[in-house]
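Subject: Structure handover

Hello,

Here is the structure I said I would pass on. My notes on it follow below.

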Amino acid sequence: MGQRQWLLPENGTFYKANLHSHTVLSDGRLTPQEVKEAYQKEGYSIVAYTDHRHYGWHPELLDENFIPIAAYEVDINEFFKIPGDFSRVRTYHINLYDTNPWDKPQEKAQSVLPERRYTDINYINQFLVERREAGFIACYNHPYWSLQNFDDYKNLREVWAMEIYNYGCEHDGLYGYHPQSYDEMLREGTRLYCLATDDNHNALPFDDPLCDSFGGFVMVKAKELTYASVMEALLAGDFYASMGPEIKELYLEDGKLHIKTSPAEKIYVMTEGRNCHKKVAKRGETITEAEFELWGNEGYIRVDVRDEKGRHANSNAYFLQGNQVVRKPYQLP
């Protein structure tokens, strides 16, 4: 029997995270403390405070059971096609997560913002390089809501991750789930991770069916619940994105991919081409594991699990050389 290669770590603990959240410091309706309380009640241990154009570091919320990630969301809008009608304006929305908020806090509190240079992709990438050098990692958000297509985002560089699902956008127009955009970036050669998020603003009560909380999340497998450990796991890609289903184990052994999940209707493995590995439950039944022998020409693999409610869990993409995954965690300077 060959050596087992864990894609999600064998050791550590899964912590539930919402990595896109807004508060009264921008256009949300809850205070940072109220967001913490609401999410903790739903089993979350991590929330990134990504207020628009406002760097949010809330160390007073940090304790042994909760990590508030310092972050903010920037936007780069094109100019109005129809005066005053933002609904037709293309835009880049990018979350910036601070990997070490104790480093140069006064400088970071200034919320460095990009210029409005929508068509200048070289400028946008340079802005992201500068943010990375300052200790931030970047996530490209909700391409469908942003009215963007492949030509807009294919040349984005210096992005650590992108949203594959945005719960708030799902409410906005049934366009929250966009796996095709993730595959397009991967097939272009961009190696990045994928997130499921809420993008919550909480304009409606929690019991309202259009409430934008608790629908998209990331399960981070970290050594412990500390800021540094969570960031280490995020940089290494030791997490998966979900709307509900769980990916409990994911590893390679003897050329086979092994997957264990919560009860599911379908377990698929997407690849660089159109061919997929797949296992589907019989009608009225569920499955909780799958084993696939790799062909060796997948290019990359990523797991997509769908439950009986139509909710998905997505692993990050793993690039292959033969039957082995080549891990290249995102690197800060």
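Helices here are DSSP runs of H or I with at least four residues, numbered from the N terminus. Aspartate 183 sits in one of them, helix H6 (residues 179–187). Please keep in mind that this is a predicted model.

Aspartate 183 counts as buried because its relative accessibility is 6%, and buried means under 20%. Setting aside neighbours within four places in sequence, aspartate 183 is in contact with Tyr300 and Arg302.

Next, the nonpolar cores. The largest has 62 residues, and Leu19, Ile46, Ile69, Tyr97 and Trp160 have the most contacts inside it. Strand E4 (residues 67–77) supplies the largest share of this core, seven residues. Another core, of 33 residues, lies apart from it and includes Tyr44, Phe217, Ala264 and Val305. As for isoleucine 46, residues touching it from beyond four places in sequence include Leu19, Phe66, Ile69, Val220 and Val230.

Last, the charged pairs. The structure holds 18 salt bridges. Glu78, Lys81, Arg90 and Asp152 are linked in a network of them. Within it, glutamate 78 pairs with arginine 90, with the closest N and O atoms 3.0 Å apart. Both residues are in the loop between E4 and strand E5 (91–98), 12 residues apart. Glutamate 78 also pairs with lysine 81, where the closest N and O atoms are 3.7 Å apart. Glutamate 78 counts as buried at 9% relative accessibility, arginine 90 as partly exposed at 24%, and lysine 81 as exposed at 55%.

Regards

Notes: Residues are numbered from 1 along each chain as its sequence is written. This is a predicted model: local features need pLDDT of at least 70, side-chain atom pairs count only at pLDDT 80 or more; totals for chains, interfaces and linings use all residues. Side-chain values use heavy atoms; hydrogens and water are left out. A nonpolar core is a set of buried Ala, Val, Leu, Ile, Met, Phe, Trp, Tyr and Cys residues joined through side-chain atoms within 4.5 Å. Buried means under 20% relative accessible area, exposed over 50%, partly exposed in between (1.4 Å probe, protein chains only). Helices (H or I, at least four residues) and strands (E, at least two) are DSSP runs, numbered from the N terminus. Contact means heavy atoms within 4.5 Å. A salt bridge is a side-chain nitrogen of Lys or Arg within 4 Å of a carboxyl oxygen of Asp or Glu.
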